[in-house]
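Here's a quick tour for anyone meeting this structure for the first time. Have a look at it, and then we'll walk through a few of its parts.

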Amino acid sequence: MSMLIASCILLAFALAGLVFVAARYRRTTQAEIDVRKRAESLENENRALGAKLHVAVEEDKKKVGWLDHQEQEILWLRAELEKRPKITRKTYKILTLGVKATGKTSLTLKWANPLIDLGVLAGTKIDRYERTVSHVSQKDVVIEHVFEVGDWGGEHIVDAQQELIGDEIHGLLIVVDLGGKDAKKVEPGRIQEQLQEFQAQALKYFFGPKTVASCKTVVLFINKSDLLSGTPLEVEEQAKKLYAPLIENLMKYSMQLDIRVFVGSANFGHSTHLLFSHFVERILPKHAYDSQLLQRMVKDFSEAPKAEMSEKTIPLPAVNASAEPPKLSRVN
C-alpha cells in the first residue's frame with residue numbers, strides 16, 4: 001500500500017514536472033518568435049535606412065558635381081571677362097532751356113526717345129537724362145559716348161545760367177513756342193514775352209567765355225509749328241519771321257558758335273528727329289561714330305523734308321565699328 005502511494009506521489013511529481021517543462025517550453029518558443037520578429041523588423045528598418053543613405057549619398061554627389069560645374073563656369077566667365085575690353089564713358093552735356101510750358105521736356109524726350117509717352121510728363125526744376133550715342137572699340141577699351149541732357153524748368157532760367165557759367169556745356173537748346181499750353185492759334189503776346197526773356201542783354205549771360213570755348217552748337221527750336229498753316233517752307237518762314245529779333249540776336253554770335261534754327265512740333269514730331277542727328281554731327285568727334293549711329297543719321301536725313309535740311313550737306317564718315325542699341329536713362 002505504501003509502495004502504491006509512493007508511486008502515485010512520484011507520478012504526480014513527474015506529471016507536474018512535465019507540465020512545468022511544457023509551460024517553460026511554450027514561453028521560450030514565444031520569446032524566440034518575438035525575437036525573430038524583432039530581428040526581422042530591425043533588418044527591414046536597416047534596409048530602409050540603407051536605401052535612404054544611398055539616396056542621400058547620390059544627392060550629395062550630384063550637389064558636389066553641380067558646385068564643381070558652377071565653379072568651373074565662374075572661372076570660365078572670369079576668364080572671358082578678363083578678355084573683354086574695359087568700358088569707359090565719354091559724356092557730352094547738352095542744356096535745354098526756355099520759359100514755362102514751351103514743351104522743353106516733350107521736345108527733349110522726343111528727340112532722345114521717340115517712343116516716350118508725352119501724356120505723363122510734369123514740370124520740374126531740372127531733370128537730367130542720359131542717351132547712349134555710340135560704342136567704339138579702341139584696342140582693349142570700349143568707349144561709350146553719352147549725351148547728358150539737362151532739362152531746366154521754365155522758371156529756373158537763372159539757375160541754368162549758373163550751370164552755363166560753371167560747367168562745360170557742349171550743346172545748348174533754346175526752346176520757344178508760338179502759343180501757350182493748349183493754344184489753338186498763334187499768341188503774339190506769348191511770343192513777345194519770350195522775345196523779352198531772351199533779349200540781347202539777357203543772351204550775353206548765356207554766352208560767356210566758358211560757354212563759347214566749350215559749346216559746339218546752339219539750337220533755337222521754335223515749337224508748336226502746328227499752330228501755323230501752309231507748306232513746310234511757308235510755316236518755317238512765318239515762324240522765323242515772328243522770332244526774327246531773337247534770331248538776329250543769336251546770329252551775332254555766329255562767328256564764335258554754330259547757330260541753328262529749327263521749326264517744328266514736339267507733339268507731332270515735326271523736325272524733332274533731326275535734333276539728334278544735328279547734335280551728333282556738331283558735338284560728337286568723327287572717330288566716335290559707330291555703324292548703327294551712322295545708319296540712324298542717314299535715315300534721319302533721308303526722311304527730312306527739304307525745309308528741315310541745313311543749307312550745307314553734312315558729310316558722314318565711314319564707319320567700321322560695331323554697336324549696341326542706343327539707350328535712354330534718367331539720371332537720379
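## A partly exposed aspartate and its partner

Let's start with D258, which is partly exposed, at a relative accessible area of 22%. (Buried means under 20% relative accessible area, exposed over 50%, and partly exposed in between, with a 1.4 Å probe and protein chains only.) Its side chain meets that of R282 in a salt bridge, at 3.5 Å from N to O. This pair links distant parts of the chain: D258 sits in the loop between α8 and β6, while R282 is in helix α9 (residues 272-283), 24 residues apart. A salt bridge here is a side-chain nitrogen of Lys or Arg within 4 Å of a carboxyl oxygen of Asp or Glu.

R282 is partly exposed too, with a relative accessible area of 25%. The side chains of R282 and E281 also meet in a salt bridge, at 3.0 Å from N to O. E281, at 8% relative accessibility, counts as buried.

## What kind of model this is

This is a predicted model, where local features need pLDDT of at least 70 and side-chain atom pairs count only at pLDDT 80 or more, while totals for chains, interfaces and linings use all residues. Residues are numbered from 1 along each chain as its sequence is written, and side-chain values use heavy atoms, with hydrogens and water left out.

## The overall picture

The protein chain has ten helices and seven strands. (These are DSSP runs, H or I of at least four residues for helices and E of at least two for strands, numbered from the N terminus.) Of the 332 residues in the chain, 39% are buried.

Now for contacts, meaning heavy atoms within 4.5 Å. Among those in the protein chain with a separation of 6 or more, 76% are between residues 24 or more positions apart.

How many residues are in the largest nonpolar core? The count is 32, and the residues with the most contacts inside this core are F207, L220, I222 and L246. At least two core residues come from each of several elements, including β1 (86-97), β4 (171-177), β5 (217-223) and α8 (244-251). (A nonpolar core is a set of buried Ala, Val, Leu, Ile, Met, Phe, Trp, Tyr and Cys residues joined through side-chain atoms within 4.5 Å.)

Leaving aside neighbours within four places in sequence, L246 is in contact with V176, L195, F198, L203 and L220. Another core, of 24 residues, lies apart from the largest one, and V149, F262, A266 and F279 are among its members.

## A covered strand

β5 is mostly covered, with seven of its seven residues buried. T217, V219, F221 and N223 point one way from β5, and V218, L220 and I222 point the other way. In a regular strand the side chains alternate between the two faces of the sheet.

β5 runs parallel to β4, with seven bridges joining them, and L173 has V219 as its bridge partner. Five bridges join β5 to β6, again running parallel, and here I222 stands opposite V263. (Strands count as paired if DSSP finds at least two bridges between them.)

## More salt bridges

The structure holds nine salt bridges. One of them joins the side chains of E43 and R47, at 3.0 Å from N to O. The two are four residues apart in helix α1 (residues 2-83), so they are separated by about one helical turn. E43 is partly exposed, at 45% relative accessible area, and R47 is partly exposed, at 47%. Elsewhere, R89, E130 and E144 are linked in a network of salt bridges.
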